Amino acid sequence: MFTFILKRIGVAIPTLFILVLLSFFLMQMAPGSPFTGDFNMPPEILANLEAKYHLDKPLWQQFAYYLKDLLHGDLGPSFKYKDYTVNELVAQSFPVSITIGALAFLFTVIMGVGLGTLAALRQNSWIDYTVMTFSMVGVVLPSFVIAPLMVLIFSISLKWLPAGGWNDGSWQNMVLPVAAMAILYVAAVARIMRSSMIETLNSNFIRTARAKGLPRRHIIFKHALKPALLPVVSYLGPAFVGIITGSVVIETVFGLPGIGQHFVNGALNRDYSLVLGLTIIIGSLTILFTAVVDILYGLIDPKIRVGG
Amino acid sequence: MATITVNKMVKEESHKAVENFSEKLEIEGRSLWADARRRFLSNKAAVASMIVLVAVTLLIIFGPMASQFTYDEIDWANMAAPPSMETGHFFGTDHLGRDLFVRTLEGGRISFMVGAMGALVAVIIGTIYGSMAGFLGGRIDNLMMRALEILQSFPFMFLVILMITFFGRSILLIFIAIGAVSWLDMARIVRGQTLSLKSKEFVEAAIISGASSTQIIFRHLIPNLLGIVVVYASLLVPGMILFESFLSFLGLGVQEPMTSWGALVNEGATSMEVAIWQLAFPTSFLVITLFCFNFIGDGLRDALDPKDR
């Protein structure tokens, strides 16, 4: 088990490093410097500025400086929002994104597992068909189509919920974004859960449990649920990545003041340091989360540990 | 004596019958592909999707010619006009007075190009990388797979947005990005398949009968890989289309006045309260295309990949 964890971390750390390295050198390759712009600076001032940001040093030293700042948690100043550092912008917007994202993730797991189990237990009934149709639609429809449609139905036609905004995190403002973000993954999890539950229920140890005369509820919750959850756990990593990526779209559609908005605006305004910082933060989060899920999976399923 | 002749006759007859039978067998015998085609054609959803997709493709290729407008032409008399046959704007116009029929189809061209490109890169790079890793095995395989693992745990969408920040928006960048992502899964799948094929009896038989390794690869391995490659290439296409639409929706994809389905959905979403057709047409095209590709991919998988049946 220990070697398995070490091995998994052995993949995560180089990935993180390559992410930082790649992002940094992509920025170096970009045409122009941050100081070539609206007006011509006197060469002395330019030299001073370059000295301040270590731009006069050779490339590998610049990278070392950047890495040093990064390890101290300093992402540098924003190029576009004057007087703001990237850290401040992240600190403002991160809570919004994390709230929405965590809720969507929770909703995904609970609804997905619930619906999938329900469909498996009532196989080939109308519940099963409804869940499966819903999950087919959910898998194909992208979030940027679902979100506007939800606004159209629930905000504009029915006027039940606000169409956007954050409003200091009141629950009415959160319902639609969380639902729009989660629906795709609820569908995917339900699909996976259904097929794995059906497979588990057909296996020998369940038959034994039934032969012993255990109550149905006991069989499902005590015996079938854990092995049936395995494929779902392995899907949580990709689902997390998807939810984080999708949050960019969702925040744009609903006008939420989260990280996604900074990301898009930063890309449109070409705010190098902001997008670079956000990429590194989100990238590290993703890589870490995937590693944690993999390790978790190894803890639950001994086959992975030995084989992988 | 007589019995022997009779016996002989019977034998001859049965020989003939066997010969006849085997000849007939040869006529009725089906190759893997004929079998697959038959299975695919019996899948109604896949066939219907195929027909719809061909129709959409033809519309995308020839549709713009049927309209009197071009995708960037502004019709000052009909701004944000609803669909109508009289004005010639079959799908209406956007808020700048550009014809949505032509723009939707023009956006479809981008989507199809992106999808085809992703599939092509996946087939070429993914197959070569995967079969190499699988065939060479050992330490090289280990190293190649580690590299793949690292690439796969990258949050690619964000890296692409980062690249767009640095180099500006361009369709070329999107193509590069899609090329970079699309082959990863394919390589993994092809490697697994190669590994299992390598130890099959028919490869052993080929080795024993003295076939060279290039012969083995081209005569025995690649035809057997082809099925799975086709299946996953077709399942990949909707993902690639989504990737591009996602970026375009955020305004990070193709540049005005060119357009794509993602960009059109975004424009439509901002004006859906007053002009629902601006959202409805691009969305339906996108969704129908995605559904079709998914059904066709599933159909191909059922037809070509016996493992999942």
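**Exercise 1. What share of the contacts in chain A with a separation of 6 or more comes from residues 24 or more positions apart?**

Solution. Let's start with the make-up of the chain. This is a predicted model, and in it chain A has 12 helices and 0 strands. Now take the contacts in chain A with a separation of 6 or more: 72% of them join residues 24 or more positions apart. To finish the picture, the C-alpha trace of chain A spans about 85 × 55 × 30 Å along its principal axes, and 35% of its 308 residues count as buried.

**Exercise 2. Describe chain B in the terms used for chain A.**

Solution. Begin with the elements: chain B has 11 helices and 0 strands. Next comes burial, where 41% of the 309 residues of chain B count as buried. Last, the contacts: in chain B, residues 24 or more positions apart make up 68% of those with a separation of 6 or more.

**Exercise 3. Work out where to read the coordinates with care.**

Solution. Go chain by chain. Chain A has an average pLDDT of 80, and 93% of its residues score at least 70. Chain B averages 77, with 85% of the residues scoring at least 70. Among the elements of chain B, helix 1 (residues 2-28) has the lowest mean pLDDT, 59, while helix 8 (residues 201-208) has the highest, 85. For the complex, the predictor gives an ipTM of 0.73 and a pTM of 0.76.

**Exercise 4. Find out whether helix 7 of chain A is straight, and how enclosed it is.**

Solution. First, the length check. A straight helix of 31 residues would span 45 Å at 1.5 Å a residue, but helix 7 of chain A spans only 38 Å between its end C-alpha atoms. Second, look for a bend: helix 7 of chain A has a kink of about 40°, centred on A:Ala182. Third, count the buried residues: 24 of the 31 in helix 7 of chain A are buried, so this helix is largely enclosed by the rest of the structure.

Now zoom in on one residue of this helix, A:Met193. A residue is buried if 20 or more other C-beta atoms lie within 10 Å of its own. A:Met193 has 28 such neighbours, so it counts as buried. Beyond its neighbours within four places in sequence, A:Met193 is in contact with A:Gly112, A:Val113, A:Gly116, A:Thr117, A:Ala228 and A:Val232.

**Exercise 5. Which residues touch the most other members of the largest nonpolar core?**

Solution. This core has 144 residues, and those touching the most other members are A:Ala147, A:Ala180, A:Val189, A:Val249, A:Val275, B:Ile161 and B:Val265. The helix that gives the most to this core is helix 7 of chain A, with 18 residues. Follow one of the listed residues, B:Val265: leaving out residues up to four places away in sequence, its contacts include A:Phe144 and A:Val145 in chain A, and B:Phe249 and B:Leu279 in chain B.

**Exercise 6. Describe how the two chains meet.**

Solution. Count first: 34 residues of chain B are in contact with 38 residues of chain A. Then ask which elements take part. On the side of chain B that touches chain A, helices 5, 6, 9, 10 and 11 of chain B give two or more residues each. Helix 6 of chain B supplies the largest share of that side, 10 residues. By type, that side divides into 25 nonpolar, 7 polar and 2 charged residues.

Now switch to helix 10 of chain A (residues 259-269), whose buried residues include A:Phe263 and A:Val264. The buried residues of helix 10 of chain A pack against helices 4, 9 and 11 of chain A, together with helix 6 of chain B. Just after helix 10 of chain A, A:Arg270 takes a positive phi of about 55°.

**Exercise 7. How many residues apart in sequence are B:Val237 and B:Gly115?**

Solution. B:Val237 and B:Gly115 are 122 residues apart in sequence, yet 4.7 Å apart in space, C-alpha to C-alpha. B:Val237 lies in helix 9 of chain B. With 26 C-beta neighbours inside 10 Å, B:Val237 counts as buried. Residues up to four places away aside, B:Val237 touches B:Gly115, B:Gly118, B:Ala119 and B:Phe293.

Terms used. Residues numbered from 1 in each chain as written. Chains lettered and ligands numbered in written order. Predicted model: local features only at pLDDT ≥ 70, side-chain atom pairs only at ≥ 80, totals over all residues. pLDDT = per-residue confidence, 0-100. Helix = DSSP H or I, 4+ residues; strand = E, 2+ residues; numbered from the N terminus. Buried ≥ 20, exposed ≤ 12 C-beta atoms within 10 Å, placed from the backbone. Contact = placed C-beta atoms within 7 Å. Nonpolar A, V, L, I, M, F, W, Y, C, P; charged D, E, K, R; others polar. Core = buried A, V, L, I, M, F, W, Y, C linked by C-beta atoms within 7 Å. Expected span 1.5 Å × (residues − 1). Bend = angle between axes of the 7 residues up to and from the residue.
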